[in-house]
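I'm opening my notebook on this structure.

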Amino acid sequence: ILEEFFAPHAIIHGSLVDVYGVGMLYVGDSNVGKSECVLDLVESGHRMVADDVVHISNVGRAIIGRPDPLIKHHMEIRGVGIIDVSTMYGAGAIMRSKHIDMVIHLELWQADKEYDRLGLTDNYIDILGVKVPSLLLPIHPGRNLAVVLEVAARNRSEEHTSELQSPIYIS
């Protein structure tokens, strides 16, 4: 309890979702579509931890994200208003905290910018002294972001599982 209380702490403008067991923190400029991504993922059965304001702490070299105590499981959808995710989708649609396994930076597509198409380079972002894998995801109309984000989570989950598994030798 004391380790959590005295852990380094920060507040990030973003959204945190549990997608197939992978804690994905979405960051980017205002109005890029973070909340809409979260809503699409919740619609698909994934669980929201926080939207708009994410409290993060470094507990034992793990980055843990939690919702803001005032906002909790609410989110703002422009044009619709404030919605209560727990009431609309049930208690199973939210989580109180989640380990952040990956950071997804959403940005509007820029035609003159070159994007990594093959994903051969590993990118990381430093959060409170811990290297967390990151991915830059360009946004443009017509793209099904929820499916792309689910694929990114599955890919991260497979990479993480293969890193943890050691070869089995049978004699």
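**Entry 1: salt bridges.** I started with E107, which counts as buried because its relative accessibility is 12% (buried means under 20% relative accessible area, exposed over 50%, partly exposed in between, with a 1.4 Å probe and protein chains only). E107 forms a salt bridge with K113, with the closest N and O atoms 3.0 Å apart; a salt bridge here is a side-chain nitrogen of Lys or Arg within 4 Å of a carboxyl oxygen of Asp or Glu. K113 has 32% relative accessibility, so I noted it as partly exposed. My reminder for this page: side chains of opposite charge can pair when their charged atoms come close.

Before going on, I wrote down that this is a predicted model, where local features need pLDDT of at least 70 and side-chain atom pairs count only at pLDDT 80 or more, while totals for chains, interfaces and linings use all residues. Residues are numbered from 1 along each chain as its sequence is written, and side-chain values use heavy atoms, with hydrogens and water left out.

How many salt bridges does the rule give? The count is 3. In one of them, the side chains of D18 and R47 meet at 3.1 Å, N to O. This pair links distant parts of the chain, since D18 is in strand β1 and R47 in strand β3, 29 residues apart. I looked up what strands and helices mean: they are DSSP runs numbered from the N terminus, helices being H or I with at least four residues and strands E with at least two. D18 also forms a salt bridge with K98, the closest N and O atoms being 3.7 Å apart. K98 lies in strand β7 (residues 98–99) and D18 in β1, so this pair ties together parts 80 residues apart in sequence. Both D18 and K98 are buried.

**Entry 2: D51.** Next I checked D51 in strand β3. D51 is buried yet has no salt bridge, and the nearest side chain of opposite charge, K34, is 7.6 Å away (Lys and Arg count as positive, Asp and Glu as negative; His and the chain ends are not counted).

**Entry 3: helix α2.** Why do I call α2 (residues 34–43) largely enclosed by the rest of the structure? Because 7 of its 10 residues are buried. Among them are K34, C37 and L41. Just after α2, G45 takes a positive phi of about 100°.

**Entry 4: two loop residues.** N31 isn't a glycine, but it has a positive phi of about 70°. N31 sits in the loop between β2 (22–28) and α2, and its 58% relative accessibility means it counts as exposed. R61 also has a positive phi of about 70° without being a glycine. I found R61 in the loop between β3 and β4 (62–67).

**Entry 5: the largest pocket.** A pocket is found on a 1 Å grid over the protein atoms alone, as an open set of points where a 1.4 Å probe fits, with protein on both sides within 12 Å along at least five of seven lines; lining residues have an atom within 4 Å of a point. The largest pocket is lined by 27 residues, and D116, L118, G119, L135 and L136 lie nearest its centre. Which element gives the most to this lining? I found that α4 does, with 7 residues.
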